[in-house]
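Reader: Could you walk me through how to read pockets, strand pairing and backbone angles in a model?
Author: Gladly; let us look at it together.

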Amino acid sequence: MVRIAICAPGKRLKRDRADMVEALVAGRDDVSLHFHEQCFAEDGHFAGDDGVRLRALVDCANDPAFDAVWFAMGGYGSNRIAAQAIAQMNAAARAKSYLGYSDTGFLLGALYRNGIGRVAHGPLAGDIRREGGERAVERALDWLKGHVSGLEPGLDERPAVAFNLTTLAMLVGTDLAPDLGGHVVLIEEVAEHLYAVDRMLFHVTQHLKGIAGLRLGRISDVPENDRPFGTDEVAIVEDWCARSGIPYLGRADIGHDAANKIVPFGLEARGPRA
């Protein structure tokens, strides 16, 4: 049985979502879930203040009773506690799997930079409420159990990482960012104007020199601007890749939706769980 601890480094998880996930796995003998009570805390935007969220993350990571840490929700906040959390993680934390996306990309990047655990961009527990959310949760649980059926289908022999574009734009150039030289970088975005996507790619591509290439996931729920941008997301990415000398490698099956496939960071995390 794979024992999974769930915490919320950014915004809180509503209890009905936890109930739905627990109902989905009820009676199973292959996984067990522990929702840390911090998931349901509320302090303004956050699932508890920085100290509450930090303690919950470190508790889940350092507890040898758990095999994996699954992030409950995205939402801004994980960057505020990432460096302190990494500094407090022990040997048990290094043996775990970690799964999430969106704002939790700050933590995924920091974990990967520091060689802590098996790290992957993939569904959150809170995705259960999305259309097709049960399939997303099953995909996440399968990877946490060591299966590879839910991996993004375009992964090849090169190491890869995946990030929400806004998160990556804020991550690069900081002490949390891993060395992505030789990696294929997959990006996705939600609810941003196309001009904002263009602006973020201007910044991001300056920090990605030496990567193996860039792949574009879904850019969804694009707000309507007061004037058309005049091009689409593919042309935007192709343009910035050409300007910066980064190979554009086509589309990727990731996004802020239930179809979001799993992208393990590096190569070792793609294999069966040790």
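Author: Lys-11, Arg-17, Met-73, Gly-74, Gly-75, Tyr-101, Ser-102, Leu-124, Gly-126, Asp-127, Arg-130 and His-256 line the second largest pocket. This is a predicted model, where local features need pLDDT of at least 70, side-chain atom pairs count only at pLDDT 80 or more, and totals for chains, interfaces and linings use all residues. Residues are numbered from 1 along each chain as its sequence is written, and side-chain values use heavy atoms, with hydrogens and water left out.

Reader: What is a pocket here, and what volume does the second largest pocket have?

Author: On a 1 Å grid over the protein atoms alone, a pocket is an open set of points where a 1.4 Å probe fits, with protein on both sides within 12 Å along at least five of seven lines; lining residues have an atom within 4 Å of a point. The volume is the space filled by probe spheres set on the points, which are joined across faces, edges and corners. For the second largest pocket that gives about 170 Å³.

Reader: And what is the volume of the largest pocket?

Author: The largest pocket has about 210 Å³. It is lined by 13 residues, and Gly-117, Arg-118, Phe-265, Glu-268 and Ala-269 are the closest to its centre. Both α5 (105-113) and β5 (118-121) supply at least two lining residues; helices (H or I, at least four residues) and strands (E, at least two) are DSSP runs numbered from the N terminus.

Reader: In which order do the strands of the open sheet lie?

Author: Two strands pair if DSSP finds at least two bridges between them. The four strands of this open sheet follow the order β6-β7-β8-β9, with parallel pairing. Because β6 (160-164) and β9 (248-251) stand at the edges with a single partner strand each, one side of each is left without a neighbour in the sheet. β6 is joined to β7 (residues 184-190) by five bridges, and Ala-162 has Leu-186 as its bridge partner in β7.

Reader: Where is Asp-221 found?

Author: Asp-221 sits in the loop between β8 (213-220) and α9 (233-244). Its phi is positive, about 50°, and Asp-221 is exposed at 60% relative accessible area.

Notes:
Buried < 20%, exposed > 50% of the residue type's maximum accessible area, 1.4 Å probe, protein only.
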